[in-house]
Amino acid sequence: MDSSASRSRRRGPVILVVALVVIAALVVGGLLWRQRADNGEEEAQALADALPEGDFSSETDTAEHDRILGPLIEATGAAPEVELADAGTADDGLRTATLDWTWTLPDDAGTWEYTTEATLHRGEDGWSADLTPEVFAPDLGDRENLDLKTVDPTLGTVTDRDGKELYGPGEVKVLGLDKTQLEDADPEASARELAGLLDIDEDRFAQSVADYGPDAFVPALTIRVSDEGDYPLDDAADVAGFRAVEKTQPLATERDYAPGVLGALREASAEDVEESDGEIESGDLVASGGIVAAEREALVGTAGAKVIAVDPDAGTERSLHEVAAVDGTEVRTTLDDHLQRLATSAIADEDSASAVVALRPSTGEVLASALGPTGQSYPVGLVGQYAPGSTFKAVTALALLRAGVTPDTTLQCPETATVEGRSFKNADSMSPDLFGSMPLRDAIAHSCNTAMLLEYDTVDQQQLADAATTLGIGQDAPTGLEAFMGSVDPEDEGVEHAAAMMGQGRVLASPLAMAVVLASVQNGATVQPKILADSDSDSDSDSDSDSDSNSGTESAAPEVDSPLTEDETAQMQELLRGVVTDGSLRDFADLPGDPVIGKTGTAEWTNEDGELKLHSWVIVAQGDLVIAAFVEDGSYGSTTAGPIAREMLEGA
């Protein structure tokens, strides 16, 4: 027999056996693959992927998702993240999957994380999940859904230096029309009648009522509960649709307390929200002006969040997760309540725009800022821009001293003087006996205008501007205050430079800025004003005017290129003391306590009718207290502003 044929016959059974083994392996492998492919793992992952957005093939499941999660998704602005933590083990057609949920809460409230389980079962059509409420959140009831509530923080307060509350939560009444209560009444007629009673713009309120929806409450005026006796609320109650809503909102504890200093918080308007590019939401508190604007975050605090389970049928809710609100804090200012009230009283009788500012030289602390009761469209003591008149001669004197002039250097003080064709004169109140030659000390004491401007060749405009910088003019406004700190253009020449030597021309300052000028002289270093108390301030020390002017160890002194020297300080204090002993502030010479130094000022201006008027200024210092008094439409400094400043020093 052929050997090759024999070998072929022997391989036949072997090949058959191998083939059978391979076929068996394929069959077993196929069965195992089918079992793995149909064990529910893919369906568990598909469930996790579908849960955030509700991407289910079943409309019923999608509707249940939207019912339970929809309100919370809308409140947070985003769907949750869902991860399959464990697909579980298939056992007798059942599998329990573990799901990890993460919600990102709004307003930096962090995340809410939890774990749920979902049971999948295998039926004729494959694996499917039972979407019970507990799949969406732990222990969720059959009719409950998830939602979010804001946890409002408690509003902080603004206080004076001793902790007395000046601004914080207050009880108010919002007066307006409830359109649901109008019945058959004419909305416009009711709006106009109510506006007339409340003394507000009738056309504007009638338009607001027309613009609001049929079920709206339209606010007309918000008043303090303590002031409701000042309004005809009994008559308003007879207006169809009238309603008064009591609420708490932030406000000054006393109306018109330190105007322009405290600022205000109010609920955001629709316009605020629209113009904020998403930064402001309805219900947010918007700050305007002063300390409140600078310290809004500290005052308002941070809202918290509460995730709740709501049963709309039963009208109940329960908390599932809460992030506590961070309450607002106390913002302590440098204001001295006693001096603030004194300043308000001292200026109460003025009938034009006017201001009083009190400052502590050793620290720069603003102790008071008051406005006259009339003519105040803005806080002139802080942001007013006026020619400072002869109070600016304190700056001119420093520039002259630096140019080599001494208090005894003889200057010329003619009745009038002409510079480049422009004539200047002295105040009409200046005695003709004083015209002629006099030392610098007398020129400052008697406020000789011509003596100052005739030295315009001795001191150029840059040197004048440098002296102004040394005394605090032109620095940045203090944190927490909208303030104008003065300006002296170093480029002015000729007539403008000459006029600047006597505080006119293009020189501008606010009462606060001129208070800083004298405070810098009293302190012996450039003073930087401040309104916010801090741990470094000498806020607990005595604020009486007879305290040592050099005792403040926390001097607020910004860096300047040419700081005051000891000799300059001594000479400046001597010159300004002469204004009290021999000049226009002689009425202050008899005040007990530390010596008073200061300067009067008068600046001409023309009103809207073309009439020539006078700004009245006085700046005085005694011990560790500086007062600046200003009246926009007054007489000479010693006549109008002088008595206001004296009342302050006497009462301090």
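This briefing describes selected features of one predicted protein model, grouped by topic. Because the model is predicted, local features are reported only at a pLDDT of at least 70 and side-chain atom pairs only at pLDDT 80 or more, while totals for chains, interfaces and linings use all residues. Residues are numbered from 1 along each chain as its sequence is written, and side-chain values use heavy atoms, with hydrogens and water left out. Helices (H or I, at least four residues) and strands (E, at least two) are DSSP runs, numbered from the N terminus.

**The disulfide**

- A search of the whole structure finds one disulfide, the term standing for a pair of cysteine sulfur atoms within 2.5 Å.
- The disulfide joins Cys413 and Cys448, whose sulfur atoms are 2.0 Å apart, and with 110° about the S-S bond the link is right-handed.
- Cys413 belongs to strand 17 (residues 410-413) and Cys448 to the loop between helix 14 (440-445) and helix 15, so the pair ties together parts that are 35 residues apart in sequence.
- Cys413 is buried at 0% relative accessibility, and Cys448 is likewise buried with a relative accessible area of 0%, where buried means under 20% relative accessible area, exposed over 50%, and partly exposed in between (1.4 Å probe, protein chains only).

**Leu454 and its surroundings**

- Leu454 is placed in the loop between helix 15 (449-453) and helix 16 (461-470), and with a relative accessible area of 33% Leu454 is partly exposed.
- Not counting residues up to four places away in sequence, Leu454 touches Gln412, Pro414 and Ala417, a contact being heavy atoms within 4.5 Å.
- From C-alpha to C-alpha, Leu454 and Ala499 are 9.8 Å apart in space, although 45 residues separate them in sequence.

**The two largest pockets**

- On a 1 Å grid over the protein atoms alone, a pocket is an open set of points where a 1.4 Å probe fits, with protein on both sides within 12 Å along at least five of seven lines, whereas a cavity is a set from which the probe cannot get out; lining residues have an atom within 4 Å of a point.
- The largest pocket holds about 1,700 Å³ of space, the volume being the space filled by probe spheres set on grid points that are joined across faces, edges and corners.
- Of the 48 residues that line the largest pocket, Glu281, Ser282, Gly283, Asp284 and Leu285 are the closest to its centre, and strand 9 (residues 242-252) supplies the largest share of the lining, with five residues.
- The lining of the largest pocket divides into 24 nonpolar, twelve polar and twelve charged residues, where Ala, Val, Leu, Ile, Met, Phe, Trp, Tyr, Cys and Pro count as nonpolar, Asp, Glu, Lys and Arg as charged, and the others, Gly among them, as polar.
- The second largest pocket has about 730 Å³ of space and is lined by 33 residues, with Asn426, Ala427, Asp428, Asn449 and Tyr636 nearest its centre.
- Strand 19 (422-425) and strand 21 (596-606) each give at least two residues to the lining of the second largest pocket, with strand 21 giving the most, five residues.
- Ten nonpolar, 18 polar and five charged residues make up the lining of the second largest pocket.

- Val356 stands opposite Ala370 in strand 16, and strand 16 (residues 366-371) is mostly covered, with six of its six residues buried.
- Helix 13 (residues 393-402) is mostly covered as well, nine of its ten residues being buried, including Lys393, Ala394 and Val395, and the helix is followed by Gly404, whose phi is positive, near 105°.

- Thr157 lies in strand 6 (residues 157-159) and counts as buried at 16% relative accessibility.
- Leaving aside neighbours within four places in sequence, Thr157 is in contact with residues including Glu165, Tyr167, Leu299 and Val331.
- Gly141, in the loop between helix 4 (133-136) and strand 5 (145-151), is partly exposed at 24% relative accessibility.
- Gly141 touches Pro133 and Arg318, not counting residues up to four places away in sequence, and lies 65 Å from Val356, C-alpha to C-alpha.

Key: Pairing = 2+ DSSP bridges.
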